[in-house]
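The model comes first, then the details.

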Amino acid sequence: GWDDDAEQQPSSGLSKSAKKNAARKAKKQAEQAAGGADGSASNPPSQPPSRPGSARPQTADKASTPAAQAAPPAMSAAEENQKKIRALSKKVAQCKKLQEKQAAGETLEPEQVDKLAKLDSMMAELALLEKA
């Protein structure tokens, strides 16, 4: 089966791609250990994003994307308000669908019941945002 020891100590029984992944992982750990205080060695993985089939570059892209999105100027108060209104409207609509399911006799999950319990507060917050 899958063994944690196999990831830490590559052996000759591993496939070619598994050996590559183990070497890449060891190199990344070495770079992070060496460049941890500097910070410059941890950011420039320019080669992994060019490998679309690998799972690691996708997680690296997802981790770097919010930082890249935080760099542009902040949204105006009106834009943030509209974004909150859209999100709350969506939640209220979901709650109304859940109420219809409950009225039809379907049993709801505990999370769904919790969501329904918050409906009044969500509607009040939505009304406040729409007035602003």
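## Terms and model

A polar contact is a pair of N or O atoms within 3.5 Å; within protein, one must be able to donate a hydrogen and the other to accept it, and residues adjacent in sequence count only if both atoms are side-chain atoms. This is a predicted model: local features need pLDDT of at least 70, side-chain atom pairs count only at pLDDT 80 or more, and totals for chains, interfaces and linings use all residues. Residues are numbered from 1 along each chain as its sequence is written, and side-chain values use heavy atoms, with hydrogens and water left out.

## N81

N81 sits in helix α4, residues 77–103. Helices here are DSSP runs (H or I, at least four residues), numbered from the N terminus. N81 counts as buried because its relative accessibility is 16%; the cut-off is under 20% relative accessible area, with a 1.4 Å probe and protein chains only.

A polar side-chain atom of N81 lies 3.3 Å from the backbone oxygen of L129. Beyond its neighbours within four places in sequence, N81 is in contact (heavy atoms within 4.5 Å) with L129 and A132.

## α4 against α6

The axes of α4 and α6 (residues 119–131) come within 9 Å and cross at roughly 150°. Axes are lines fitted to C-alpha atoms over the stretch in contact, with angles from 0 to 180 degrees between N-to-C directions. The two helices are therefore roughly antiparallel, a label for angles over 145 degrees.

In α4, the residues that meet α6 include N81, L88 and C95. Their partners in α6 include M122, L126 and L129.

How values were computed: Buried means under 20% relative accessible area, exposed over 50%, partly exposed in between (1.4 Å probe, protein chains only). Angles under 35 degrees count as roughly parallel, over 145 as roughly antiparallel, 65 to 115 as roughly perpendicular and the rest as oblique.
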